[in-house]
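Reader: I'd like a close look at a single part of this one, please. Could you walk me through it slowly, piece by piece?

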Amino acid sequence: MITRAVPEQVAAYELLARQLRKAIGTRSDR
Amino acid sequence: MRAAGQQERPLGADVPAEVEQVPVIAVASGKGGVGKTTAAVNVALPLSAEGARVGLVDADLYGPDAAHMTGLNRTKDASHVTLFAAKGTASARLQAVERYGVQMASAAFLIGQAQGLGVQAPIAQLLVHRLIGGTTWDDIDCLIVDLPPGTADIQQLVFTLGKRATYALVVVTPSARTAARPRPCSPPPRTQSRSGRAYPGSSACRSARRRPMTPTSASRS
């Protein structure tokens, strides 16, 4: 997180990133 | 203009196969100023920290702030912007700029920070197509595309470019106006898309007033 944010926002972005990572998979999955 | 007998090539026909298969995470909204760029950048960073190789395309040509948010500013004004160039020439491909582990392509690298792009839809599509398919990416796992607000030509281009999985991250704020808008900016039904929850951030870093660059010229080598 490079912009000024409260910890809840940071945690929300990290959670979203983890969900997206799971959704897109890896190159071997494709 | 096409020569007689020449077949029309669809926009995106020259996108390299490996880039064509990379999933796209499109960050969209029905209205401006809700924090799309903030969300795009702040999702790109933890994705990269998790080990994914992330590309970030700043497709908001009229306010390319993703680069500015990461501290990248082009101070030198541009005299022209290349829309397409012959294969093998020096300007044929753009080079992604890596920052905080994220590879970036942005219109902000093509024009000076005090300049603005006053281009119409077809030229805007060409530019976005160049940012996505005309950029040399280093083995990326996904491409985050920070879209301009609304449902116009650039959004349609991104949602139909290549045969790839497309995910839409629709950003809203706790406002009746922005909450009412996300539906129209969802991708058309024929694309593979999944909605993500939006986490609105601050809308700091809005673009400063820009001086229009005229005329915008295309060069062909």
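This is a predicted model: local features need pLDDT of at least 70, side-chain atom pairs count only at pLDDT 80 or more; totals for chains, interfaces and linings use all residues.

Reader: Let's zoom in on where α1(A) and α2(B) come together: how close do their axes come, and at what angle do they cross?

Author: The axes of the two helices, α1(A) and α2(B), come within 8 Å and cross at roughly 65°. With angles of 65 to 115 degrees counted as roughly perpendicular, that makes α1(A) roughly perpendicular to α2(B). As for handedness, the crossing of α1(A) past α2(B) is right-handed.

Now for the residues that do the touching. On the α1(A) side they are A:Tyr13, A:Glu14, A:Leu16, A:Ala17, A:Leu20 and A:Arg21, and they meet B:Thr38, B:Ala39, B:Asn42, B:Val43, B:Pro46 and B:Leu47 of α2(B). Sort the residues of this contact by class and you get 8 nonpolar, 2 polar and 2 charged.

Let's step back to α1(A) as a whole. This helix covers residues 7-24 of chain A, and its 18 residues should span 26 Å at 1.5 Å a residue; the end C-alpha atoms are 26 Å apart, so the two agree.

Which side chains are tucked away? The buried residues of α1(A) are A:Ala12, A:Tyr13, A:Leu16, A:Ala17, A:Leu20, A:Arg21 and A:Ile24. Their partners in chain B include α2 (36-49), but these buried residues also pack against the strands β1 (24-28), β8 (142-146) and β9 (166-170) of that chain.

While you're in chain B, there's another helix pair to set beside this one. Helix α4 (residues 121-133) and helix α5 (residues 153-160), both of chain B, have axes that come within 9 Å and cross at roughly 40°. The crossing of α4(B) and α5(B) is right-handed. Here B:Ala121, B:Ala124, B:Gln125, B:Val128, B:His129 and B:Ile132 of α4(B) meet B:Asp153, B:Ile154, B:Leu157 and B:Val158 of α5(B). By class, that contact has 7 nonpolar, 2 polar and 1 charged residues.

One last stop is B:Ala66, which sits in helix α3 (residues 65-69) of chain B. B:Ala66 counts as buried because its relative accessibility is 0%. Setting aside neighbours within four places in sequence, B:Ala66 is in contact with B:Thr37, B:Val41, B:Leu56, B:Asp58 and B:Met104.

Key. Residues are numbered from 1 along each chain as its sequence is written. Chains are lettered from A and ligands numbered from 1 in the order in which they are written. Side-chain values use heavy atoms; hydrogens and water are left out. Helices (H or I, at least four residues) and strands (E, at least two) are DSSP runs, numbered from the N terminus. The expected span of a helix is 1.5 Å times one less than its number of residues. Buried means under 20% relative accessible area, exposed over 50%, partly exposed in between (1.4 Å probe, protein chains only). Contact means heavy atoms within 4.5 Å. Axes are lines fitted to C-alpha atoms, for helices over the stretch in contact, and angles run from 0 to 180 degrees between N-to-C directions. Angles under 35 degrees count as roughly parallel, over 145 as roughly antiparallel, 65 to 115 as roughly perpendicular and the rest as oblique. A crossing is left-handed if the near helix is turned anticlockwise from the far one by less than a right angle, and right-handed if clockwise. Ala, Val, Leu, Ile, Met, Phe, Trp, Tyr, Cys and Pro count as nonpolar, Asp, Glu, Lys and Arg as charged, and the others, Gly among them, as polar.
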